[in-house]
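The following note sets out numbered remarks for a colleague who has the sequence and the coordinates at hand. Please read each point alongside the display.

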Amino acid sequence: MKFKTIFIIFNSVLVFSFLFIFFMPLVLLGGEYFSIFASKNWIAAILFLTTLIIINVYFISNWKLFSLLEGENWPELIMYLEDRILFKSIIRAGTLKMLINAYLITSNTQKIVKLESHVKEKRPSLLKNFALQFGIPYLLKSEPEVSEKYFGRILSEPGVKNRGWIRWNYAFSLMQQKQFEAARVELLSLFDSSRDPLLKLLTLYMLDSYSGSDPELEEKIRRSKIRLKEQYSEDKWREKINRGSKNMQVIILSQIIRDATRWLFNSKLEEKSSQEKKVH
């Protein structure tokens, strides 16, 4: 449904509902009772009209933004948002998220680095909320030492959002540099603290490379895989991945997530071991 149509329907429903409720006493009880009703509820009518005006002013002032989003006109959307954020320094969380996503959709990841510098100067309070998004260019670079430096610094700061994903990125950058023991420490810490099933699976998948030399860890991974498969069928798991696609990191890691999903559901090791225990 087009934005213009939604706007018209929204206003029509609100105005009709208000008029119906406000004038219903006039129809049912007559003019005398209605005058009493109106004299006692005129404040509510003013509040409603004021709210309606505020909502409409918001929509009208952002009409171009909503139209560009509806038409998926990414180049013009980027120009519009850059004008507001970079040149006018009107930096709000919602528009900042839109601009980062538009950069990613159009593969302009290097512009995210420039945007991070601007936000650091003008609205540093937002950096902790967008630490994961601002880290995506570092994650995509073929320079894991740069990625390690960024995510390691972020992990040391309090109040950062998406800390679990940031820790996974940090461990991944360590593994890329063959710093396997340091990566193992981070992954084990994440394994014990994470409650996100998707992040849990990716952590298990990475830890599996260490399990051959650590029987205790191998057993831990086996049991965790069984628990995940008890909670999710393969179809439900794929639905969860699709819901998680709102997280841009999930899209970027889609290939690793597919590999981890196959690893989870195609392995028969857990069932075989469980059956052997039942026999004994």
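1. Solvent exposure of Arg 153. The coordinates belong to a predicted model. In it, Arg 153 has a relative accessible area of 38% and is therefore classed as partly exposed, since that class lies between the 20% limit for buried and the 50% limit for exposed residues. Arg 153 is located in helix H8, which spans residues 144–155. The side chain of Arg 153 forms a polar contact with the side chain of Glu 157, at 3.4 Å. Arg 153 and Tyr 170 are 17 residues apart along the chain, and their C-alpha atoms are separated by 9.6 Å.

2. Overall composition. The protein chain contains 16 helices and zero strands. Of its 280 residues, 40% count as buried. Among contacts in the chain between residues at least 6 apart in sequence, 57% join residues at least 24 apart.

3. Helix H9. This helix covers residues 163–176; over its 14 residues it reaches 20 Å from the first C-alpha to the last, close to the 20 Å expected at 1.5 Å a residue. H9 is mostly covered, with 11 of its 14 residues buried. After H9 comes Lys 178, with a positive phi near 65 degrees.

4. Helix H10 and Glu 186. H10 has 14 residues, and the distance from its first C-alpha to its last is 20 Å, close to the 20 Å expected at 1.5 Å a residue. Its buried residues are Ala 183, Arg 184, Glu 186, Leu 187, Leu 190 and Phe 191. The cover over these buried residues includes H8, H9, H11 and helix H12 (215–231). Leaving aside residues up to four places away in sequence, Glu 186 touches Leu 155, Arg 167, Tyr 170, Ala 171 and Leu 174.

5. The pairing of H10 with H11. Two packed helices are described by the angle between their axes and the distance between the axes. For helix H10 (residues 180–193) and helix H11 (residues 197–207), the axes come within 10 Å and cross at roughly 145 degrees. The crossing of H10 past H11 is left-handed. On the H10 side the residues that take part are Arg 184, Leu 187, Leu 188, Leu 190 and Phe 191; on the H11 side they are Leu 199, Lys 200, Thr 203, Leu 204, Met 206 and Leu 207. Sorted by class, this contact has eight nonpolar, one polar and two charged residues.

6. Helix H5. H5 has 13 residues and extends 18 Å from its first C-alpha to its last, close to the 18 Å expected at 1.5 Å a residue. Thr 95, Leu 96, Leu 99, Ile 100, Ala 102, Tyr 103 and Leu 104 are buried in this helix. Those buried residues pack against H4, H6, H7 and H14. H5 is followed by Ser 107, whose phi is positive.

7. Two serines with positive phi. Ser 89 has a positive phi of about 55 degrees although it is not a glycine. Ser 89 sits in the loop between helix H4 (74–87) and helix H5 (93–105). With a relative accessibility of 31%, Ser 89 is classed as partly exposed. Ser 107, likewise not a glycine, has a positive phi of about 60 degrees. Ser 107 belongs to the loop between H5 and helix H6 (109–122). Which accessibility class does Ser 107 fall into? Ser 107 counts as exposed because its relative accessibility is 59%, and the cut-off for exposed is over 50%.

How values were computed:
Residues numbered from 1 in each chain as written. Predicted model: local features only at pLDDT ≥ 70, side-chain atom pairs only at ≥ 80, totals over all residues. Heavy atoms only, no water. Helix = DSSP H or I, 4+ residues; strand = E, 2+ residues; numbered from the N terminus. Buried < 20%, exposed > 50% of the residue type's maximum accessible area, 1.4 Å probe, protein only. Polar contact = N/O pair within 3.5 Å; in protein donor to acceptor, adjacent residues only side chain to side chain. Axes fitted to C-alpha atoms, helices over the stretch in contact; angles between N-to-C directions. Left-handed = near helix turned anticlockwise from the far one by under 90°. Contact = heavy atoms within 4.5 Å. Nonpolar A, V, L, I, M, F, W, Y, C, P; charged D, E, K, R; others polar. Expected span 1.5 Å × (residues − 1).
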